[in-house]
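Reader: I'd like to learn how to read aromatic pairs and sheets in a model like this one. Could you take me through it step by step?

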Amino acid sequence: MAERDFQQSTYRPTSASDRSVKKLFEDAAANEQILRRYQEFELRMLSAESFEELLAILLISSREFFRLRAVELWLYDSQGLLAELVPAKFADRSGVQLLVSERTLARLYLDEPKVRLLSIDDVDPLPVLKDRDVRSAALLPLYRKGSFVGSLHFGAVEAQRFSSSKSTDFISHMASIIAVCIENALSQEHLRRLSVLDTLTKVKNRRGFHDALDKEISRAQRNGESLSLLFVDLDHFKAVNDNYGHLTGDRVLKTVAEFFKGVLRRVDHVCRYGGEEFALILPSCDDQLAIEIAERLRQEACAIEVAVHNEDRDTHDTVSVSLSIGVCSWRAERRIDPSAAAEIATLLIARSDQGVYKSKEDGRNRVSYMPFSAS
């Protein structure tokens, strides 16, 4: 009897209470689902094996993952070191902007590195994602060890998607993870670049050349494009070292490397193959264009003059430059296996090198094209 009375007297919530409890459970379930999505995205970032892969996750995958109209990444680059680390496909309007002043980021966050949610109902125009047709934005400060790494901006078409009334707990945590991922990826990329960089000329070394050539062969094969390789040898370089010393020879090599970087495209690869020989990898470049580029390099290099001081005679001289160039081009026409790709690289190198020898045999300061063939 007592048990029955207890059951009868048990509190039964009203319909309003039912709705309140149901709403709490629904909110908890929704938050758990959101948390899982954020965690899934964070795991993707943490598993990125390169800076380029991390950028692809942040700028491309995130748009679909979070249903965004646009994504933008600002990176703080006070020393101008990141320009060569950011792949061309992500530069400028594709999503990445480099900032030389940390003050720009401080102003964006009102001197407090906390997530900002902005709607055009509150701020019009938005200070980020210019001309991206977005009506609200989430600004994620990428902040590490007391300074900015950068800023990531998510844009949505809905004005209330990122309104100031929304919670920022999940997105703030993700901003911290992103800052760590970017910092680690950049550190690894710098170390990797140093391992493939020629310390004298600051262009790719021989290892970097082989890495770049393998990558461009794979890219050309995927896209069915042409790829050209130029081997370039400085004429009479031994005489420069003998007459003016190795320090002058080093200055000539650095000057020529800078000349190549200034004339060629950003997607091209300038490499020091060894000694006074350079290798230039030209993606999406057929044989006719490669010959034209090689001829332009040869002609313009003749105008290079490196000032030197002849201590024995106490006179000021100039060292001129001329180039002997070998050119070979290959066009991908069908899918190839890795072993065939290695053979293509070997043949491109061999034929371009043969072109250099032909140019020297024919009198130096000239361009020789060698067809891509084993014959």
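Author: Let's start with the criterion: rings of Phe, Tyr and Trp (its six-membered ring) pair if their centres lie within 6.5 Å, and planes under 30 degrees apart count as stacked, over 60 as edge-to-face and the rest as tilted. With that rule, a search of the whole structure turns up 13 aromatic pairs. One of them is Phe-41 with Phe-66, an edge-to-face pair at 5.0 Å centre to centre and 65 degrees between the planes.

Reader: Before we go on, what kind of model is this, and how are residues numbered?

Author: The model is predicted, so local features need pLDDT of at least 70 and side-chain atom pairs count only at pLDDT 80 or more, while totals for chains, interfaces and linings use all residues. Residues are numbered from 1 along each chain as its sequence is written, and side-chain values use heavy atoms, with hydrogens and water left out.

Reader: Which parts of the chain hold Phe-41 and Phe-66?

Author: Helices (H or I, at least four residues) and strands (E, at least two) are DSSP runs, numbered from the N terminus. Phe-41 is in helix H2 (residues 15-46), and Phe-66 is in the loop between helix H3 (51-65) and strand S1 (70-76), so this pair ties together parts that are 25 residues apart in sequence.

Reader: Is Phe-41 buried or exposed?

Author: Buried means under 20% relative accessible area, exposed over 50%, partly exposed in between (1.4 Å probe, protein chains only). Phe-41 has 0% relative accessibility, so it counts as buried; Phe-66, at 10%, counts as buried too.

Reader: What does a tilted pair look like?

Author: In general, you describe a ring pair by the distance of the centres and the angle of the planes. For Phe-231 and Tyr-273 the centres are 4.8 Å apart and the planes are at 50 degrees, so that pair is tilted. Phe-231 belongs to strand S6 (residues 226-234) and Tyr-273 to strand S7 (residues 269-274), 42 residues apart, and the pair links these distant parts of the chain. Both Phe-231 and Tyr-273 are buried.

Reader: Which residues do ring pairs link into a cluster?

Author: Tyr-38, Phe-41, Phe-65, Phe-66, Phe-154 and Phe-170.

Reader: And where do charges sit over rings?

Author: The test is that NZ of Lys or CZ of Arg is within 6 Å of the ring centre and within 35 degrees of the ring normal. Arg-37 lies over the face of Phe-65, 4.2 Å from the ring centre. Over the ring of Tyr-273 you'll find the charged end of Arg-206, 4.0 Å from its centre.

Reader: Now the sheet: what is the order of its strands?

Author: Strands of a sheet pair through backbone hydrogen bonds, either parallel or antiparallel. Here, two strands pair if DSSP finds at least two bridges between them. The order is S7-S8-S6-S11-S12 in an open sheet of 5 strands with mixed pairing. S7 and strand S12 (367-369) stand at the edges with a single partner strand each, so one side of each lacks a neighbour in the sheet. S7 pairs with strand S8 (residues 277-283) in the antiparallel sense over 5 bridges, and Val-270 has Leu-280 in S8 as its bridge partner.

Reader: What does Ser-62 touch?

Author: Contact means heavy atoms within 4.5 Å. Ser-62 sits in helix H3 and is buried, at 0% relative accessible area. Beyond its neighbours within four places in sequence, Ser-62 is in contact with Phe-41, Ile-57, Arg-67, Leu-68, Val-71 and Phe-154.
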